[in-house]
Amino acid sequence: IGLVILMNAGCQKKTEEKIAIKVSYWAGGDEQVGPIIGQMLERELPDIKVRMEIVPWDGYKQKILTEVAGGSGSDIVMFYLGDFSAGLFKKDVCMALDSFIKDDKEFNLDRYFPNIIDACRYKGNIFGLPLGSFPEAPIFYNKALFRKAGVPFPADEWDWNDFLEKAQKLTIIDKEGNVKQYGFGAAVWRNFMYSNGGDEVDNCKAPEKSTLDSQSTKDALQFYVDLVHKYKVAPPYYEQYQGAIDPVKMFMEGRLAMFNTILPLGKSFKNLEWDIVRFPKGPRMKEYDGVVCGTIGYAILKTTRYPEEAWQVLKALTGDIGQMEYSKAVWGVPVIREVAEKWLQDSERFSDKKWLLKELDYGKSFVLHPKYHGEIYQKIIIPALYYVIVEGTKPVDESLSEIIPKINQALKDE
């Protein structure tokens with residue numbers, strides 16, 4: 001009996017001593033996903049204790065860096081591809097995954113969309129694996145407003161001319177000159193730039209100079225400005241800037257016929273009859289090859305005490321089941337091609353939107369430079385374009401020409 005008791009005690013102790021891996025992710029739309037992913041990891045990895053920890057977005061990055069400096073904290077952290085991931089990778093706090101990928105016979109990197117995986121590289125090494133992407137190509141449209149105005153639904157291969165014509169027909173102005181319904185709304189001008197063949201920088205994965213002064217970008221920015229100040233088919237950017245109006249709310253209330261945003265917002269459009277169409281092609285774009293495509297991923301921190309177990313968690317977290325669970329919950333697009341095709345096929349909403357997968361093949365990630373969003377975009381580009389976009393009082397050419405040298409200098413000062 002004593003031997004049986006000792007054996008049972010030993011088994012219980014072994015169970016209690018399962019290696020624990022902490023996964024940190026930020027709050028902001030993904031709160032409901034953590035428990036779902038945590039349960040999946042429990043099923044897939046019964047010998048590892050996975051703790052999902054939600055962290056407020058404000059201060060998330062600093063908290064991670066502070067934990068690393070103290071030699072404690074999370075084993076795996078969430079990131080988005082852009083200045084955030086570039087900053088983490090540059091600070092050398094994430095573990096290169098190349099040896100794991102090479103030695104793990106069960107793992108096949110070729111299953112992922114190459115365009116997305118390439119953005120996870122830094123100086124030749126892979127420092128993270130993607131979980132899901134959020135293409136900014138969708139334009140949501142209110143089918144009831146289209147029918148009421150007698151306007152045909154947009155087709156996926158449309159262009160700016162067709163888009164503008166529809167936006168004008170869907171804009172309703174009363175006798176007093178007040179706009180009762182706008183044809184279009186968007187907060188991201190960069191999609192017009194990319195859809196017209198323009199780019200922010202010479203290479204978004206290794207930027208050396210700004211290309212915002214290209215004619216494609218100038219034409220795109222001017223068209224974006226004209227939607228408000230010339231054609232008056234979009235809400236004033238000034239009121240959006242001040243927070244006086246909310247395009248999302250306007251779309252939900254039927255005061256906005258078309259709205260450019262990411263798929264997850266569609267989950268809130270419950271009482272509308274809506275559909276999505278691909279972003280229209282600009283006149284300088286020879287062949288449409290995608291607009292902005294944001295991506296969420298996870299990386300293993302160098303300070304983890306259990307790299308092998310962390311790799312198993314990361315592999316499951318960003319693998320077939322993890323991606324499918326995540327995408328069903330938040331309407332992100334899986335980044336493993338087979339999983340993405342299955343998700344699309346099974347989707348009630350998007351089964352006929354095969355162009356969503358093309359966005360993962362060709363879409364542009366946020367610029368992979370640690371200073372781009374904060375130092376460059378927020379402090380140089382946005383202030384300079386305020387009088388162009390919001391006020392409509394400064395020429396596009398003049399504003400872009402003024403900021404190019406400043407951007408190039410900031411890119412060099414990495």
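**Notes on the sheet and its helices**

1. Helix α14 (residues 320-330) lies across β6 and β12, and its direction runs at about 30° to β6. Helix α16 (residues 355-362) also packs on the sheet, where it touches β6 and β12, although its direction makes about 120° with that of β6. The model is a predicted one, and these angles should be read with that in mind.

2. The sheet itself is open and has 5 strands, in the order β2-β1-β3-β12-β6, with mixed pairing. At its edges stand β2 (48-55) and β6 (129-135), each of which has a single partner strand, so that one side of each is left without a neighbour in the sheet. From one strand to the next, the twist averages 20°.

3. Within this sheet, strand β3 (residues 76-80) and strand β12 (residues 293-300) run antiparallel and are joined by 5 bridges. One of the residue pairs to inspect here is phenylalanine 79 with glycine 297, the latter being its bridge partner in β12.

4. A further point concerns helix α10 (residues 215-229) and helix α18 (residues 396-412), which pack at an angle of about 130° with their axes 10 Å apart. The two helices α10 and α18 are therefore oblique to each other, and their crossing is right-handed.

5. In the contact between these two helices, Thr217, Lys218, Leu221 and Gln222 of α10 meet Val396, Asp397 and Leu400 of α18. The residues of this contact of α10 with α18 divide into 3 nonpolar, 2 polar and 2 charged.

Terms used:
Residues are numbered from 1 along each chain as its sequence is written. This is a predicted model: local features need pLDDT of at least 70, side-chain atom pairs count only at pLDDT 80 or more; totals for chains, interfaces and linings use all residues. Side-chain values use heavy atoms; hydrogens and water are left out. Axes are lines fitted to C-alpha atoms, for helices over the stretch in contact, and angles run from 0 to 180 degrees between N-to-C directions. Helices (H or I, at least four residues) and strands (E, at least two) are DSSP runs, numbered from the N terminus. Angles under 35 degrees count as roughly parallel, over 145 as roughly antiparallel, 65 to 115 as roughly perpendicular and the rest as oblique. A crossing is left-handed if the near helix is turned anticlockwise from the far one by less than a right angle, and right-handed if clockwise. Contact means heavy atoms within 4.5 Å. Ala, Val, Leu, Ile, Met, Phe, Trp, Tyr, Cys and Pro count as nonpolar, Asp, Glu, Lys and Arg as charged, and the others, Gly among them, as polar. Two strands pair if DSSP finds at least two bridges between them.
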